[in-house]
Amino acid sequence: MLSASFHKHRLIFRQPAGTSRGVLHHRDSYFLLLRDTLNPETTGIGECGVIPGLSPDDRPGFEERIAGLCEEINQSSTVNASGLESWPSIRFALETALFDLTGGGKRILFESAFTSGEKPININGLIWMGDENFMLQQVEEKLAAGYRVIKIKVGAIDFETELKLIAGIRKRFGEDRITIRLDANGAFSAEEAAEKLKRLSDFAIHSIEQPIKQGKPGIMAEICRTSPIPVALDEELINISGSDKKKLLEQIKPRYIILKPSLLGGFDACREWIDLATGEGIGWWITSALESNIGLNAIAQWTATLGNDLPQGLGTGSLYANNIPGPLEAANGVLHYLPGKPWDLTFAGLYNPHTAGS
C-alpha cells in the first residue's frame, strides 16, 4: 500500500548561469515522496523540474500533473507510469522514488564501488559564459580543484568575443593541461554553423554539443559529416521514442550522444539510447540537468553501474547556494560518494511536504 506527496523547493544559483537561452538565477525542483503506508517512516524520494525553454515538461500544467499523480497513487495505493510519456521529468522522479523506496529509503538506489566510497566518477567542470576575467577565473578554480576536462557554454554572447575568450583560455592552458568540451545548446544557425565550427577547431576542442537547434536531422547529419570538431547530440534526443531513436542515430551519425535522464524519461529510456549508440559505434556520456543533490545522487549512482570511464557531466552539485546537504562531493576532478556523511533532508523541508491537491 503506497501513499504519495510532493514538495517544491526553489534552488538559488550561487552566480547567474548564462546560457544561449538566457540567464538563470534560480530553478524550481519538485520532490515526489513515496511511502509504504505500513512503514510510513520509510520514504522514497524522486526529483523533477523544468529548465525553461528546454524541458519537454516546461508547459502549463506541470505542477498539476504532479499533484494528479500523487492523487492517483493515494486513491489506488499502486503506481502506474502510463500517461507520463509526455512528462519525462515526472516519470524520472517516479522511477527514482520507487528505486529509493525499494532500497529502504536510504538514498542508495544502486549499490556499487561508487556508493561504498571506493571508486569515484570522473567528471568535467562546467564553465559559464561571461567576460574574459570571469571565465579565466572559473578555469583557474577548476584547475586548482583538479579538473582536467572542462565544458564551456557558448552561444550566450557575441561569437567573436567567445572566440577570443576560448583562444585566451587555450593560450594559457595547453592540451596537455586541459581538455575543452563546448556546449552550444543549439545557438548556431544552420547557415553559420560550418564556419563557426571551423574557427573553433583551431583550439583543440574535444567535442561540441548540439551546434544547431534540434529538429533538422538532415542538416545536422551534414554538420556531423563535415565538422572538424566531433559533434555530440543533446537536445536532438528529446521527444524521440520507439523506432525513431535508431532512425535518428543512423541518419545523423554523431560522434557522441549526451544523455540526461530527467529530459529523456528516466534510466530505462537512456539505457535504450546507450544500447542503440553502442551498436552504431557512437560514444556517450551522462549529464545531469541542473537537479539538486537528490536527483544528482540518483543519476550518479546509476551512471556508476554503466562502466563508462569518460568524464561525465555530473559536477553540478556546487551550483546552488541552498542545495540539499548529502554525501556527494566533487573534488580533484571526480565525484565522490561519502558513505559516512548523512543527508539533511530537513534543509529543504522535505519532511513537511504538502499533499496532492493542496
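Is C224 buried or exposed, and what is its relative accessible area? C224 is buried, at 15%; "buried" here means under 20% relative accessible area, exposed over 50% and partly exposed in between, with a 1.4 Å probe and protein chains only.

This is a predicted model, where local features need pLDDT of at least 70, side-chain atom pairs count only at pLDDT 80 or more, and totals for chains, interfaces and linings use all residues. Residues are numbered from 1 along each chain as its sequence is written, and side-chain values use heavy atoms, leaving out hydrogens and water.

**View 1. The open sheet has seven strands, paired in parallel.** The order is β5-β6-β7-β8-β9-β10-β11; strands pair if DSSP finds at least two bridges between them. At the edges sit β5 (125-127) and β11 (283-286), each pairing on one side only.

**View 2. Strands β9 (231-233) and β10 (256-259) run parallel.** Two bridges join them, and A232 has Y256 of β10 as its bridge partner. Strands (E, at least two residues) and helices (H or I, at least four) are DSSP runs, numbered from the N terminus.

**View 3. Helix α6 (217-226) has M220, A221, I223 and C224 buried.** These residues fall within an arc of 160 degrees seen down the axis, so they line one face of the helix; the arc is taken from the directions from the helix axis to the C-beta atoms. They pack against α5 (193-200), β9 and α7 (244-252), contact meaning heavy atoms within 4.5 Å.

**View 4. There are zero disulfides here.** A disulfide would be a pair of cysteine sulfur atoms within 2.5 Å. For C48, the nearest cysteine sulfur is that of C70, 8.9 Å away; for C224, that of C270 is nearest, at 19 Å. C48 is buried too, with a relative accessible area of 2%.
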